Amino acid sequence: MRILALAILAIGIVSIGPVAAQTYDPAYPVCLRVYGPATYYECRYTSLPQCNASASGRSAQCVINPYFGGYQRHRQVY
């Protein structure tokens, strides 16, 4: 019985496959898309001018993050 359970577990783990990471970070409104052998996004910019300065001279472009959650204002509780 134990061998059967381990076999089912092993088949389940192998069949899952690789997991993809989230492309966009919802904490930042602007992302830099870098082109090359491995195209990827760097979502760590707070404005387009800041991102454009980083993209200058590179094979990259700035894009608005479609998953940006917005700035959160915390209410002060009295």
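Accessible areas here come from the Shrake-Rupley method with a 1.4 Å probe. On that basis, the accessible surface of the protein chain comes to about 6500 Å², and carbon and sulfur atoms account for 60% of that surface. Please bear in mind that this is a predicted model.

Let me turn to the overall layout. The protein chain has two helices and three strands, which follow the order α-β-β-α-β from the N terminus. It comprises 78 residues, and 19% of them count as buried. Of the contacts between residues at least 6 apart in sequence, 44% join residues at least 24 apart.

Now to the aromatic rings. How many aromatic pairs does a search of the whole structure find? It finds two. In one, the ring centres of Tyr24 and Tyr41 are 4.9 Å apart, with the planes at 50°, so this pair is tilted. Tyr24 sits in the loop between α1 (2-16) and β1 (30-34), while Tyr41 belongs to strand β2 (residues 40-45), 17 residues apart. Tyr24 is buried, at 17% relative accessible area, whereas Tyr41 counts as partly exposed at 25%.

The other pair joins Tyr24 and Tyr67: their ring centres are 5.5 Å apart and their planes stand at 45°, so this pair is tilted as well. Tyr67 lies in the segment after β3 (60-64), so the pair ties together parts that are 43 residues apart in sequence. Tyr67 itself is exposed, with a relative accessible area of 53%.

To conclude, ring pairs link Tyr24, Tyr41 and Tyr67 into a cluster. Thank you.

Note on methods
Residues numbered from 1 in each chain as written. Predicted model: local features only at pLDDT ≥ 70, side-chain atom pairs only at ≥ 80, totals over all residues. Heavy atoms only, no water. Helix = DSSP H or I, 4+ residues; strand = E, 2+ residues; numbered from the N terminus. Buried < 20%, exposed > 50% of the residue type's maximum accessible area, 1.4 Å probe, protein only. Contact = heavy atoms within 4.5 Å. Phe/Tyr/Trp six-rings, centres within 6.5 Å; stacked < 30°, edge-to-face > 60°.
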